[in-house]
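Please look through the sequence and the 3D view below before reading on. The report that follows takes up a few side-chain contacts and then turns to the chain as a whole.

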Amino acid sequence: MSSAVTSQPVLGGARFAGYSSIVGQEKSGFSSSGAAPPIGCPPGLEYLAQMDEVYLNQKVDLLEILTNTALEVPNRYSVENASGQRAYFAQEESECCNRICCGPNRGFQMHITMNDGREVIKCEREFKCCAGCCWCANGDHCGWEMTVEAPPGNLIGYIRQQGSKWKMNLALYDANRVKLYDIWSKCCPIFCVCCIDDINFYVHDVKSGNRLSPRIYKKWAGWVRECCTRADLLVCEFPGMDVKEKALFVCACFMIDVMVFEPQKKNNN
């Protein structure tokens, strides 16, 4: 594989064809054209800078299926373009006991690598004993927070849970803790296999509060996959954004998956 992916592949085709099956055939990555990277782009994110949307296809783990999700394994995601070509791969790093005993409340790191294995983004959420409640999330010890580095060692921002009365609210900050965006979930807190429509998380401007065009949503992946696995299909749309902001939104998808959909599927099982 090449060390950098900068060329825009041809988009098109039926993006979600075949996602209803438990294990589909993964399309191979794509090669570099050698084009000059955008100014200020972290190494390895040249292709992400050109993308207006990414698809986070969580990989199905046979061990979780056989044990009825009693044995937690680290999450893995294929970060793909609209044609299903893999641009990056994300692998969770966490302790086994933490995953089994704490479930979605565990601390973890997510390592995002290129197709050649080079790590380009690292995000980390530390374990907090009493975090997660939306009513008191504004407190330092009660709200989840994730740090994002691109490349590892170079801090580019934070993702933090915000206090709210009912709906889940995340805020994105730059490296200087200047608030950039708010992400709000829908009002209904119940997400189950019967929700065949897109489950949207809308992005709002921090000053005006107006809804913006970027959004994150969970795509319904078919009855078999939704009923028999915990593997989710998340889509992140961020047209016209800076590449560092795009990296924050990709990491926000991991935060949403662990906070929102893991607890729901655990309860369903």
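## A polar contact

In this predicted model, the side chains of Gln58 and Asn75 are joined by a polar contact of 3.0 Å. Gln58 belongs to strand 1, which covers residues 53-58, and Gln58 counts as buried because its relative accessibility is 6%, where buried means under 20%.

## Aromatic pairs

Searching the whole structure turns up three aromatic pairs. One of them is formed by Tyr181 and Phe249, whose rings are tilted, with 5.6 Å from centre to centre and 55° between the planes. This pair links distant parts of the chain, since Tyr181 sits in strand 9 (residues 179-185) while Phe249 sits in helix 4 (residues 243-268), 68 residues apart.

Another aromatic pair is made by Phe201 and Phe261, and here the arrangement is edge-to-face, with 5.9 Å between the centres and 85° between the planes. Because Phe201 lies in strand 10 (residues 199-205) and Phe261 lies in helix 4, the pair ties together parts of the chain that are 60 residues apart in sequence. Phe201 is buried, with a relative accessible area of 1%, and Phe261 is likewise buried, with a relative accessible area of 2%.

## Charged side chains over rings

Phe261 also takes part in a contact with a charged residue, for Lys218 lies over the face of Phe261, at 5.7 Å from the ring centre. Which residue lies over the face of Trp144? That residue is Arg125, placed at 3.8 Å from the centre of the Trp144 ring.

## The chain as a whole

The elements named above, including strand 1 and helix 4, belong to a protein whose secondary structure comes to four helices and 12 strands. The protein has 269 residues, and buried residues make up 51% of them.

How much of the contact pattern comes from residues 24 or more positions apart? Among the contacts with a separation of 6 or more, such residues account for 54%. The accessible surface of the protein comes to about 12100 Å², and carbon and sulfur atoms hold 55% of that surface.

How values were computed. Residues numbered from 1 in each chain as written. Predicted model: local features only at pLDDT ≥ 70, side-chain atom pairs only at ≥ 80, totals over all residues. Heavy atoms only, no water. Helix = DSSP H or I, 4+ residues; strand = E, 2+ residues; numbered from the N terminus. Buried < 20%, exposed > 50% of the residue type's maximum accessible area, 1.4 Å probe, protein only. Contact = heavy atoms within 4.5 Å. Areas by Shrake-Rupley, 256 points an atom, 1.4 Å probe, with all protein chains shown as cover. Phe/Tyr/Trp six-rings, centres within 6.5 Å; stacked < 30°, edge-to-face > 60°. Lys NZ or Arg CZ within 6 Å of the ring centre and 35° of its normal. Polar contact = N/O pair within 3.5 Å; in protein donor to acceptor, adjacent residues only side chain to side chain.
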